[in-house]
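Colleague: Hello! I am new to this one and would like to learn how to read it. Could you walk me through it step by step?

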Amino acid sequence: MSENTPSSQDRPRRVRSSVTSDEILLAAEHVVRDGFDALTMRAVATQMGASPMALYRYFATKDELIDAMLDRVLGRIGRAPATDDWLADLTAFAAAHRAVLSDHPWAIVPLFTHSNPGINATVIGETALEILARGGISGADAVATFCGILALNYGWFAFSTARDATRTSVDPEAVLAASLSMLPADRFPLTLSVADELSNYGSDGHYRFALGQLIAGVGVTAPK
């Protein structure tokens with residue numbers, strides 16, 4: 001840095017009235033790229049070149065900021081027009097939901113503790129329930145089916161993310177393949193027969209198959 005270049009601490013802070021809620025949310029998403037634990041009101045304010053007090057004009061607490069961030073993320077889940085194939089629509093809904101989670105890995109943990117952060121969470125539920133209603137599924141069965149899709153997506157993402165987090169230091173597929181190769185064939189014949197697939201656990205192909213099985217089961221048990 002040259003002597004004439006001011007540091008972030010030296011730059012004049014923006015006045016409170018010049019800050020918008022959209023700017024705050026954009027800055028907050030930038031901060032959490034380094035992990036959700038990095039999120040503080042001060043870190044967001046620093047990212048914007050503003051005073052932390054400027055954020056409190058829109059978000060009285062950190063929890064309110066998190067709710068707004070999560071609601072913004074959930075609003076990015078695409079909602080395709082309905083077709084005459086409700087099972088295909090349900091599959092597309094689940095895939096769109098997973099895609100947004102994959103694009104915002106920081107959101108997974110707070111979504112467990114902020115399960116209804118805003119209107120977009122309700123919109124997502126309404127979308128799923130409408131699709132299921134077209135298949136004759138309603139009431140407790142519809143809620144259970146919707147929960148099953150969410151559980152698959154959240155669980156799958158957590159499952160594969162834990163593996164991917166190690167990629168900076170090791171090749172998780174290679175490590176698992178090496179471990180499997182050491183197993184005695186007489187005790188674990190079935191495990192060894194699928195060793196290649198096991199070493200690639202959590203792949204997109206595996207997800208598509210698992211989702212397909214879930215949707216097929218929903219179709220079989222739907223009222224005729």
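Modeller: Gladly. Let us begin with a definition: a helix here is a DSSP run of H or I with at least four residues, and helices are numbered from the N terminus. Please keep in mind that this is a predicted model.

Colleague: Thanks. How many residues apart are R134 and E130 in helix α7?

Modeller: R134 and E130 are 4 residues apart in helix α7, so about one helical turn separates them. Their side chains meet in a salt bridge, 2.9 Å from N to O. E130 counts as partly exposed because its relative accessibility is 37%.

Colleague: What is the general idea behind such a pair?

Modeller: Side chains of opposite charge can pair when their charged atoms come close. In this structure, a search of the whole model finds 6 salt bridges.

Colleague: With which residue does D89 form a salt bridge?

Modeller: D89 pairs with R134, and their closest N and O atoms are 2.9 Å apart. D89 lies in helix α5 and R134 in helix α7 (residues 119–134), so this pair ties together parts that are 45 residues apart in sequence. D89 is buried, with a relative accessible area of 11%, whereas R134 is partly exposed at 32%.

Colleague: And which salt bridge does R72 make with E29, in terms of distance?

Modeller: The side chains of R72 and E29 meet at 3.5 Å, N to O. Since R72 lies in helix α4 and E29 in helix α1, the pair ties together parts that are 43 residues apart in sequence. R72 counts as partly exposed at 23% relative accessibility, and E29 as buried at 12%.

Colleague: What about a charged residue without a salt bridge?

Modeller: Look at D71, in helix α4 (residues 62–74). D71 is buried and has no salt bridge; the nearest side chain of opposite charge, R72, is 8.9 Å away. The cut-off matters for this step: a salt bridge needs the nitrogen and the carboxyl oxygen within 4 Å.

Colleague: Which residue has its backbone nitrogen 2.8 Å from a polar atom of the D71 side chain?

Modeller: That is N120. Leaving aside residues up to four places away in sequence, D71 touches P117, G118, I119, N120 and A121.

Colleague: Which residues of helix α1 are buried?

Modeller: In helix α1 (residues 21–31), the buried residues are I24, L25, A27, A28, E29 and V31. They pack against α2 (41–48), α3 (52–55) and α4.

Colleague: Finally, how many aromatic pairs are there?

Modeller: There are 4. In one of them, the rings of F36 and W106 have centres 6.4 Å apart and planes at 5°, so the pair is stacked. F36 is in the loop between α1 and α2 and W106 in the loop between α5 (86–103) and α6 (108–113), so the pair ties together parts that are 70 residues apart in sequence.

Colleague: Are the planes of F93 and F146 stacked or tilted?

Modeller: Tilted, because their planes are at 45°, with ring centres 6.4 Å apart. F93 in helix α5 and F146 in helix α8 are 53 residues apart, so this pair links distant parts of the chain. Both F93 and F146 are buried.

Conventions
Residues are numbered from 1 along each chain as its sequence is written. This is a predicted model: local features need pLDDT of at least 70, side-chain atom pairs count only at pLDDT 80 or more; totals for chains, interfaces and linings use all residues. Side-chain values use heavy atoms; hydrogens and water are left out. Helices (H or I, at least four residues) and strands (E, at least two) are DSSP runs, numbered from the N terminus. Buried means under 20% relative accessible area, exposed over 50%, partly exposed in between (1.4 Å probe, protein chains only). Lys and Arg count as positive and Asp and Glu as negative; His and the chain ends are not counted. A polar contact is a pair of N or O atoms within 3.5 Å; within protein, one must be able to donate a hydrogen and the other to accept it, and residues adjacent in sequence count only if both atoms are side-chain atoms. Contact means heavy atoms within 4.5 Å. Rings of Phe, Tyr and Trp (its six-membered ring) pair if their centres lie within 6.5 Å; planes under 30 degrees apart count as stacked, over 60 as edge-to-face and the rest as tilted.
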